[in-house]
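The cut-offs are written beside the terms where they come up.

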Amino acid sequence: MSIRTKTLLQVAAGAALAGTFAFTAAQAQETVKIGLIVPMTGGQASTGKQIDNAVKLYMQQHGDTVAGKKIEVILKDDAAVPDNTKRLAQELIVNDKVNIIAGFGVTPAAFAAAPLATQAKVPEVVMAAGTSVITERSPYIVRTSFTLAQSSTIIGDWAVKNGIKKVATLTSDYAPGNDALQFFKEHFTAGGGQIVEEVKVPLSNPDFAPFLQRMKDAKPDAMFVFVPAGQGGNFMKQYAERGLDKSGIKVIGPGDVMDDDLLNGMGDSALGAVTAHMYSAAHPSQLNKDFVAAYKKAYNQRPGFMAVGGYDGIHLVYEALKKTGGKADGDSLIAAMKGMKWESPRGPISIDPETRDIVQNIYVRKVEKKDGELYNIEFATFEAVKDPGKTKK
Amino acid sequence: MNADRTVGEFALNRSRWGWSEMVFWLLAVASIFVFSDRYLILTEIAWLGLFAMSLDLILGYAGIVSLGHAAFFGVGAYTAGLLAVHGIVKEPILALLVAGLAATVLGFVTSFLVIRGSELSQLMVTLGIALLLRELANKFSNITGGFDGLQGISIDPILGLFAFDLFGKVGYIYCLVVLFVLFLLARRIVNSPFGLSLRAIRNNPLRAAAVGIPVNRRLVAVYTLSAFYAGIAGALFTQTTALASLDVFSFDRSADLLLVLVIGGTGYLYGGLIGAVVFRILQDLFSSWTPQFWQFWIGLVLVLIVLIGRERMYRGVMWLPRNFARRFGKTKPAAMSDGGAS
């Protein structure tokens, strides 16, 4: 065998080998897997169901291939228990080789998965949890929901301007509740308002009655309320039972308590409640009307803000994949997601390139009756609000 | 059992290693190599098994019922978490022992409350203690992190050599070794005269007292021991997941534990281990099959297990190995089901 043929053979073998590698690599990248970890059972189940519904709806509308890749969503239930979240995220990353983890119904769940996102360089798309610091826990976290600081500061300013002097607060005792309270208090007292009573209710104890009595006794102009999505209905029921609706104490707060999901079942006691939030099913844009119609048709119920978080979350993944041309590694995806701007059912939104958190309009809304149903009707808009939890630093 | 055998012989016989036991542990070791992509769920099974074993020690051997065993699990978990966060005890095995001891202290103190009453009041007292601790952990959120859980736990390598990896291999082997060591200890204890005296107490406390067994002291001792085991299980949980949140104290955790023992049976130590394996695997299968309605299926299976009866199921499962053993004239391979009913 001459030297020449030998080298030729070597080259051929090398090429063949390289070809095999390229082939397997291409095969592995045919599908982009998204691990969707949300609470589907337990107290936060409504959050998970809305997100799951919205993601399915989006994929029905936009197909399951993007940039030549097939999108596969693997749904997992963590029941909002952080150790479940962590195990599921780890298994999804290690066994199922997911490219993205998404969902996260509550803040502790998002925290639990953060170190894994960093370690495995897998983007973590937070579609629900709303504590400010979440995005600082890993450079791979992107959020498409909202932060409590965004809405709480605005309702604080609004209250001051609208002649509300004394406020009693009722917030769930965990990170988002404490965020809501802190940011509201800062803005409200800076404007000359006074907090007359401050009550923190345990997250897992849905009995508000004793706390409401204290609220009533404090005789404030309004009460600032934060309870997580899903608990608003129960809260308003007890609010009416205790006769607070007749005592002239208004409900104000971030929009979680007036979740569209439950709003219509709350009854007339909810009328007149003013909240600040990023989404209302009554948002008057064509895009939103279509979204609400499609969602109602598919699931026979109104989409809430959790559904929008999920809808935008999966949209962000689609758009990022388009931008990278189908490259699905963590760093390219995160780079593509930073600074992304689009029109969502909630209005124009973007991802802050510095903090990877969402920048969006915050609307001040009042509960009114429209066509016999209760809706949060938007009457003031604060445009492109960044998360005050970070801009402060 | 033959009536003419002496107690000593009986105890000795019980403490001999049956082949089914060896098979069980060989399978456990084999799982390290066979299920290399499922380390995380295996780890969960390992600490859940240990946790269930700790409940079995009081329920199956001493007849103390508890709906609040998560109290000790939680104390172990938070102790391990706090030790790691504040860098007080860096080495995991040492931290594990400290966490176990913290739970032991709590177990000793609360045992006096628990042994006072009948079964119903035991349920209430244990449940109350767990709820109390949960609220305390919630209240002192500056120490425990409240509902959000303890943040920033990072666990050092075991003995400074084996770092916990993303795949969970080290974590699993670590849990398995701890489980095995503690199992050996428990096995030794329940087959000792002390263990036999516990059984006597379970069967008839009055008669036990009449033959001179210090009933209360024995109950305090075994309850404390059980708390130690539960604390270790909690610490393993924290060390392998780097998490400690209020859920460690939750009622669900204590209730799940009873379910594990319902599946596996009490009074022979393996009940907790087998129950943990079956329970977690069912949970995993159902929840990946239907993330929304898996709890329904779990419930259905539990009802079926109770209806059919564990004994009858074991007879079905053990039929083949028993036959096999009889043919080759070995001693009876009954270690698994012997005494399983209680």
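Before the first entry I noted how handedness is assigned: a crossing is left-handed if the near helix is turned anticlockwise from the far one by less than a right angle, and right-handed if clockwise. I also noted that this is a predicted model, in which local features need pLDDT of at least 70 and side-chain atom pairs count only at pLDDT 80 or more, while totals for chains, interfaces and linings use all residues. Residues are numbered from 1 along each chain as its sequence is written, and chains are lettered from A and ligands numbered from 1 in the order in which they are written.

**Entry 1: α5 and α6 of chain A**

I looked up the crossing of α5(A) with α6(A) and found it to be right-handed. Helices here are DSSP runs of H or I with at least four residues, strands are runs of E with at least two, and both are numbered from the N terminus. Helix α5 (residues 148-161) of chain A packs against helix α6 (residues 175-190) of chain A at an angle of about 35°, and their axes are 8 Å apart. The axes are lines fitted to C-alpha atoms, for helices over the stretch in contact, with angles running from 0 to 180 degrees between N-to-C directions. For contacts I used the rule that the C-beta atoms of two residues, placed from the backbone, lie within 7 Å. The residues that meet include Leu148(A), Ser152(A) and Ile155(A) from α5(A), and Phe183(A), Phe184(A) and His187(A) from α6(A). By class I have ten nonpolar, four polar and two charged residues in the contact of α5(A) with α6(A), where Ala, Val, Leu, Ile, Met, Phe, Trp, Tyr, Cys and Pro count as nonpolar, Asp, Glu, Lys and Arg as charged, and the others, Gly among them, as polar.

**Entry 2: α3 and α4 of chain A**

Helix α3 (residues 82-94) of chain A and helix α4 (residues 107-120) of chain A cross at roughly 25°, and their axes come within 8 Å. I therefore wrote α3(A) and α4(A) down as roughly parallel to each other, given that angles under 35 degrees count as roughly parallel, over 145 as roughly antiparallel, 65 to 115 as roughly perpendicular and the rest as oblique. The crossing of α3(A) and α4(A) is right-handed. Among the residues that make the contact are Pro82(A), Ala89(A) and Ile93(A) of α3(A), with Phe111(A), Ala112(A) and Leu116(A) of α4(A). The contact of α3(A) with α4(A) has ten nonpolar, two polar and one charged residues.

**Entry 3: α12 and α14 of chain B**

In chain B, helix α12 (residues 251-264) and helix α14 (residues 294-308) pack at an angle of about 40°, with their axes 10 Å apart. α12(B) and α14(B) are therefore oblique to each other, and α12(B) passes α14(B) in a left-handed crossing. I listed Leu259(B), Val262(B) and Ile263(B) of α12(B) as making the contact with Leu302(B), Ile305(B) and Val306(B) of α14(B). The residues of this contact divide into six nonpolar, no polar and no charged.

**Entry 4: the domains of chain A**

The domain assignment, whose bounds come from an automatic or database source, gives domain 1 (29-146 + 285-356) and domain 2 (149-277 + 362-391) in chain A. Their C-alpha centres lie 27 Å apart, and 17 residues of domain 1 of chain A are in contact with 19 residues of domain 2 of chain A. On the side of domain 1 that touches domain 2, α2 (45-62) and α11 (305-324) of chain A each supply at least two residues, and α2(A) gives the most, with three residues.

Is Ala79(A) buried or exposed? Ala79(A) counts as buried because 23 C-beta neighbours fall inside 10 Å; the cut-offs are 20 or more other C-beta atoms within 10 Å for buried, 12 or fewer for exposed, and partly exposed in between, with C-beta atoms placed from the backbone. Ala79(A) is found in the loop between β3 (69-77) and α3 of chain A, and its phi is near 50°, a positive value in a residue other than glycine. Asp371(A), in the loop between β14 (358-370) and β15 (373-385) of chain A, also has a positive phi of about 50° although it is not a glycine. Asp371(A) is exposed, with 5 other C-beta atoms within 10 Å.
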